[in-house]
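Please read it alongside the sequence and the structure.

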Amino acid sequence: MDQSPVVIITGASSGIGEATARLLGAHGYRLVLAARRQERLERLAEEIRGADGQAVGLATDVTRLEDIQRLVEHTMERFGQVDVLFNNAGFGRLDWLEHLDPVRDVARQVHVDLLGLIHTTQAVLPYMIARRNGHIINVASLAGHIAVPTYSVYAASKFGVRGFTDALRREMGVWGVHVSGVYPGSVATEFELHTGARRKTGLRTPGWLRLSAEQVAGEVLRLIRRPRRQVVLPRVMLLAVWLNALVPGVVDFAVRKGFVERERS
Ligand SMILES: NC(=O)c1ccc[n+]([C@@H]2O[C@H](COP(=O)([O-])OP(=O)(O)OC[C@H]3O[C@@H](n4cnc5c(N)ncnc54)[C@H](OP(=O)(O)O)[C@@H]3O)[C@@H](O)[C@H]2O)c1
C-alpha cells in the first residue's frame, strides 16, 4: 500500500477537488489536500483516514509562492515523491467586463486560475523530471474552448490554462511526464456561489447537461489510470467545441440573439 501513487490536489476543500479526494482516497492513493480553508481540509483528511485511506491537509493559497513551496516540500518530506498534481483550485466571476473590479475580480481571477496553476506546476515539475515520471492534470473549463459573454476574464484564464497545458504536454513527453486538460461544462458545486452572475433571462444550463462533482471525479480517476490529452465533459459538448471552431460566426449570431440582446435590453 505504501507504494501507492502520491497525489497533490489543489482546491480540495469543496466541489470537484473534494469529490476527487474522496474517490482517490478510497482507491488507496496517498493524498495531500490543499486549499485555504484548513478546517475543511482537516475534516476531509480525517474522513479519508477513517476509511483506511492516507491523506493530509495543508492550508495553501495558490497565489502565494511561499505556500506553494511549503506544499511541495511537505509532500516530499512526508511521502518522498509526487506522482500526480491535480491543479484544480479556481473560481469565476461571471459578469459583463464593465462591471468587474480590476483588482478583486480581474487580477485575482487570473492569479488564482492561471498563475497559481502555473506556479504550482513549476514547483512540482523538477521532482517529476528527476524521476522521469509523473502526471499533471489541469482543470480548465469548457470556457477554455468556447468563450461566451460574461465569461471574458474567466475564459481568458481558462484559454490560458489550455495553452499552457498543450505546450507543456509537448515539452514534457520526452521526460515521461504526462500533461492533461480537463474541460467540464456546468458542475453542481459551490462555484456558483462566487460567480456574482445576474441573469435577467434566467438562462441556465439544462439539468441533463449538468454534472455532479462525483462524475468529474470519476473521469479524473480514469484519466490518472490512462493518461490522455484532454477530457471534455459531458462528452456531448465536444460537438459544441467543434461547432465553435468550425463556424464561429454562427455561434456569434446565436449567442447575440439568444442571450446578449435579451440580457442587455
Ligand atoms: N463548477 C463548475 O461549473 C465548473 C465548470 C468548469 C470548470 N470548473 C473549475 O473547476 C475547478 C473547481 O471548482 P469547483 O466547481 O469545484 O468549485 P468550488 O466548489 O468553489 O471549489 C473551488 C476550490 O478552489 C479553492 N480555491 C479558491 N481559491 C483558492 C486559492 N487562492 N488558493 C487555493 N485554493 C483556492 C477553494 O478552496 P478555498 O476557498 O478553501 O481556498 C475550493 O476548494 C475550478 O478551477 C473551476 O474553475 C468548475
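## Basis of the description

Axes are lines fitted to C-alpha atoms, for helices over the stretch in contact, and angles run from 0 to 180 degrees between N-to-C directions. Helices (H or I, at least four residues) and strands (E, at least two) are DSSP runs, numbered from the N terminus. This is a predicted model, in which local features need pLDDT of at least 70 and side-chain atom pairs count only at pLDDT 80 or more, while totals for chains, interfaces and linings use all residues. Residues are numbered from 1 along each chain as its sequence is written.

## Helix α1 against helix α6

The axes of helix α1 (residues 15-26) and helix α6 (residues 213-225) come within 8 Å and cross at roughly 55°. That angle makes α1 oblique to α6, because angles under 35 degrees count as roughly parallel, over 145 as roughly antiparallel, 65 to 115 as roughly perpendicular and the rest as oblique. The crossing of these two helices, α1 and α6, is right-handed, a crossing being left-handed if the near helix is turned anticlockwise from the far one by less than a right angle, and right-handed if clockwise.

On the α1 side the contact includes Gly15, Ile16 and Leu23, and on the α6 side it includes Ala213, Val216 and Leu221, where contact requires C-beta atoms, placed from the backbone, to lie within 7 Å. The residues of this contact of α1 with α6 divide into nine nonpolar, three polar and two charged; Ala, Val, Leu, Ile, Met, Phe, Trp, Tyr, Cys and Pro count as nonpolar, Asp, Glu, Lys and Arg as charged, and the others, Gly among them, as polar.

## Helix α4 against helix α5

Helix α4 (residues 102-131) packs against helix α5 (residues 152-172) at an angle of about 15°, with their axes 9 Å apart. α4 is therefore roughly parallel to α5, and their crossing is right-handed. Among the contacting residues are Val106, Val110 and Leu117 of α4, together with Tyr154, Lys158 and Phe164 of α5. By class, the contact of α4 with α5 has 10 nonpolar, three polar and three charged residues.

## Around the ligand

Of the 29 residues around the ligand, Gly11, Gly15, Arg36, Arg37 and Gly90 come nearest, a residue being near if its C-beta atom, placed from the backbone, lies within 6 Å. Helix α1 gives the largest share of this shell, three residues. By class, the shell has 11 nonpolar, 14 polar and four charged residues.

Definitions and conventions:
Contact = placed C-beta atoms within 7 Å.
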